[in-house]
Amino acid sequence: MEEQTPILECRNLCISYDTRGGEIPAVIDFNMKVMPGQGVGIVGESGCGKSTVALAIMQYLGSNGYIKSGEIFFHGRDMRTMSEDELRALRGSKIAMIYQEPMASLNPSMKIGDQLAEVPLFHEDVTVAEAKERALALLEAVKLPDPKRIMDSYPHQISGGQQQRVVIAMALLSKPDLLLLDEPTTALDVTVERGIVELVKEISAEFGTAMIYISHNLGLILDTCDRVTVMYSGEAVEDGTVHEVFDDMKHPYTSGLFASIPLPGADKNERPLVPIPGQLPLPHQRPKGCFFGPRCAFFTDGVCNTDKVPMRPVPNEEAHTVRCARFEEIDWAEGDHEAVSVKSVKSGKVVLKVRNMKKYYEIKSSSVIAMIRGDAVKTVKANEDINFDAREAETVAIVGESGCGKSTFAKVLMGLEEATAGEVILNGEDLANVTVQKRKAQTVGHLQMVFQNPFDTLNPSHSVGSQIARVIRKFGVEKDPDKVRAKVNDLLDLVKLPRDFAHRRPRQLSGGQKQRIGIARAFAGNPAVVVADEPVSALDVSVQAAVTGLLTEIQNELRSTLLFISHDLSVVRYLSDRVVVMYLGHIVEQGTTDEVFSPPYHPYTEALLSAVPIADTSVEQKQIILEGDIPSAVNPPPGCPFQTRCPRKIGSICETELPPLKEFQDGHRILCHLDDDVFESMEPVIVMHEDGDVVAVT
Amino acid sequence: MTAEIQSNDTSPSALSKMVKSIGLLRESPIAIFGLSLILFWVILAILAPVLPLYDPNAPLEPFKFPMSEARDGGLYWLGTDHKGRDILSRVIFGAQQVLIWATTATVVAYIVGMLMGVIAGYLGGWYDEVISFISNVLLSFPVIVLYIIIITYLGATGFNIVLAVTFASAPGIMRIVRGLVLDLRTRDYIFAAQTRGESSMYIMLVELLPNARGPLIVDACLRLGYTTITIAMLGYLGLGLPPPDPDWGKMIAETQPLGSFAGHMAVVPAAAISSLVLGFNLLADGLREISMKD
């Protein structure tokens, strides 16, 4: 092994961008070696420079980016000395890159077959027929159903997961030595993501392709890579094999990252998440010495803030290096950050009752053919028979992937749409057919929402304070200008932001801070129910913990009910008291968190649980890979909604009849045809090995 | 309602923000040059009454060339025209007219176009159908025909010029605003405003329009240039402001029968029009360049 030359080697790489404010160093002193067939992960939060490294390897830095110093060797040749022609021959043939957005990598006006055939036609001397044949073979290799049909389709005619498979096939067509994957599954649903990750693993084993896998998700790195580099603010802070870094982390930042993600062992009462305080420094505000210093619990004046900290090897561990001045002396037990304190609160009376709620949309097709055939109006059954209760001070998670109807449900609840049938009862008042304009100000204030995208949640044209003040006035909490201002200050205190933030514009705030303002706004009217739609999924992991902690803290204090919409089961298990699992408009399973996360499962819940990437080497997950994609709600399958992808399908009954709702324990209900003895024999999906014992995680 | 949200807004004053945005202009020499050209005319127009100028409508000595001496010992810097009126004085007083009416017409066209666009984009449905249909009909007319119809039927007054420009420009502005609003309305902050029961009027005026301002400022600059040309053109065609007040377009038209005999009579107002329009276009280019950088 040691005799081999690495496929790619970065030596002391420094990359800068020229901007208005002068030179901005994006990557500093970066070293990496990729051996043939090896998978190397780069992990870090947004702005840490991980994508810049990938772009530098492709020599695609754009007009204002440049490699300031250092070398990138590809098969022993310095890429900086290559001509533009040589680079072009290399890209796409020896080095291929896969981006986050599959649609952006495919030409929307070309058939997939033609696009794929272009690659060998450009790089090799082959005929069109040969090129097409190879394209077809690779579409089969990436396990696309009916590859012949896909060859003849345009990119928009296939789903996102299928598009990403096509992109992977395209990348593999010229048998590259190195595959660069930049967050390849971030835009996809969890169950689809699992399929892609498995595919990437198989391919690297089968073709012997070396990979650089860039992700913010530690669980995915554990799944796909042999080595991992953790980056922080443009520097690699820790580098080693996946097991060294995950089990024996030496850098306080790495350790902080792991403490802030909800691993199966975490519990909101006994082992709460520990957020990293502060935020990533901007490139021109990096501190002296260690860049992580100001956020580090083990910061020592005079040691950490003097000289630049070099990467140093960890004793007794081959090739495990750390950029920390005092990693040998750190006593991990001593200086831990303050954990997010969440008191367990007894839930009270039922606040929100949803009974047989249905929401159908009518889509009118204006095409002449549809009118002649008489099917000009199609019905989309976005929500079918939604039934559940939410109690005071309780957190109810609504889990599901895109298209499952959770957003439609939120719209009906908020009064932006009227329900087609059924009741939505808040504090004894039926709101199913009362739109928001017809609701009393108090009722509107009682039902508020925290949104997903922090960059969209605040109006960029108005100051933060005026936006909160507007909500206070609108809900009739206060009218007097002085009292309104006082209330704005109270709310800023509540979300732990300085009071002078009221004068700031949203663009002067970080993502986490914006989300805090979003929370303040939702709690301005003393809400009974707060709907949080993926409130942390767009935030960096170290910030996520702080924001979820804050959200539950306020919720407990005010005894509001939290409806937590999410696809991330780790966060759901950590946060919620009860879970509702949705698929294609149906509730397929509901119960307390313990009940849903332990057998018996609905087959979909089982698959979801196995799909969550878990960044813990001691956890074993059952592998359940769902075939295909979520069907469209315009044309749902007959019978059980999940029958097209169900690994436990029992036969024709699944295709014809809607399954019965089986009640297991008090309130634990599953919508499935499976027999009782199959449910009884189900095994837990996530198993944790602790000191040799096998502990089922519930 | 609009005032209500502003009342609590104690952020840095509008003045300091203006100073900051003018500071941004420094990054684009083109924008600075464009702005200087515009300011040159604006300052002249403002100072016109106090500058030592001849009465723009007084018949003095006809057909004097530039820099020739006047009977009263003064100097005709740019000469006089066929009726013996001082050209310098006419160009400067003409600038007053052009700037006032071009700005008024553009502002009115913008108000109408923005309202149409935000209603079509946000409310959609029948509102969109009707507004888009009207706009398409107006856009299908050749602009010049539209102007001639309006001015000849309603008469050549400042108000009617504003009306004509509004008819011609508002559909284009509506399309830009509608497109921007279709994108902005999907943002979470609009959803947030809806979930707290805000009226459509509030959402359109307070939540949507302020966020569309970026591309609109650039477009407004370009449109000021077009309107300047339009007003000059109408003047040239004899459809401009009523005589005897000076009008750049009319000044050029009056030269026509005189051929090459009194070239300075046409060159001066033509150069004035070009420089002002160039100023608006360069400022728009510069602004676009600055906004792309960020």
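**Close-up 1. Where helix H10 of chain B meets helix H11 of chain B.** On the H10(B) side we have B:Ile231, B:Ala232, B:Met233, B:Leu234, B:Gly235 and B:Tyr236, and they meet B:Trp248, B:Gly249, B:Lys250, B:Ile252 and B:Ala253 of H11(B). Sorted by type, the residues of this contact come to eight nonpolar, two polar and one charged. (Nonpolar here covers Ala, Val, Leu, Ile, Met, Phe, Trp, Tyr, Cys and Pro; charged is Asp, Glu, Lys and Arg; the others, Gly among them, are polar.) "Contact" means C-beta atoms, placed from the backbone, within 7 Å. H10(B) runs over residues 213-236 and H11(B) over residues 248-255, and the two pack at about 40 degrees with axes 6 Å apart. The axes are lines fitted to C-alpha atoms, for helices over the stretch in contact, with angles running from 0 to 180 degrees between N-to-C directions. The pair is therefore oblique, given that under 35 degrees is roughly parallel, over 145 roughly antiparallel, 65 to 115 roughly perpendicular and the rest oblique. The crossing is right-handed, that is, the near helix is turned clockwise from the far one by less than a right angle.

A word on the model: it is predicted, so local features need pLDDT of at least 70 and side-chain atom pairs count only at pLDDT 80 or more, while totals for chains, interfaces and linings use all residues. Residues are numbered from 1 along each chain as its sequence is written, and chains are lettered from A and ligands numbered from 1 in the order in which they are written.

**Close-up 2. B:Gly225, a residue of helix H10 of chain B.** Is B:Gly225 buried or exposed? B:Gly225 is buried, because 22 other C-beta atoms lie within 10 Å (buried takes 20 or more within 10 Å, exposed 12 or fewer, partly exposed in between). Skip the neighbours within four places in sequence, and B:Gly225 is in contact with B:Val277, B:Phe280 and B:Asn281. B:Val277 sits 52 residues away in sequence, yet the C-alpha to C-alpha distance to B:Gly225 is 4.6 Å.

**Close-up 3. Helix H3 of chain B crossing helix H4 of chain B.** H3(B) spans residues 29-47 and H4(B) residues 87-123; their axes come within 8 Å and cross at roughly 110 degrees. That makes the two helices roughly perpendicular. B:Trp41, B:Val42, B:Leu44 and B:Ala45 of H3(B) meet B:Ile92, B:Ala95, B:Gln96 and B:Leu99 of H4(B). By type, that contact has seven nonpolar residues, one polar and no charged.

**Close-up 4. The place where chain A touches chain B.** Here 28 residues of chain A are in contact with 19 residues of chain B. On the chain A side, the elements giving two or more residues are helix H15 (464-474) and helix H16 (481-494). H15(A) gives the most, with six residues. The chain A side divides into twelve nonpolar, ten polar and six charged residues.

**Close-up 5. Chain B, with twelve helices and two strands.** Both kinds of element are DSSP runs numbered from the N terminus: helices are H or I with at least four residues, strands E with at least two. Along the sequence, the pattern reads α-α-α-β-β-α-α-α-α-α-α-α-α-α. The C-alpha trace of chain B spans about 75 × 45 × 30 Å along its principal axes. Of its 294 residues, 40% count as buried.

How values were computed. Contact = placed C-beta atoms within 7 Å.
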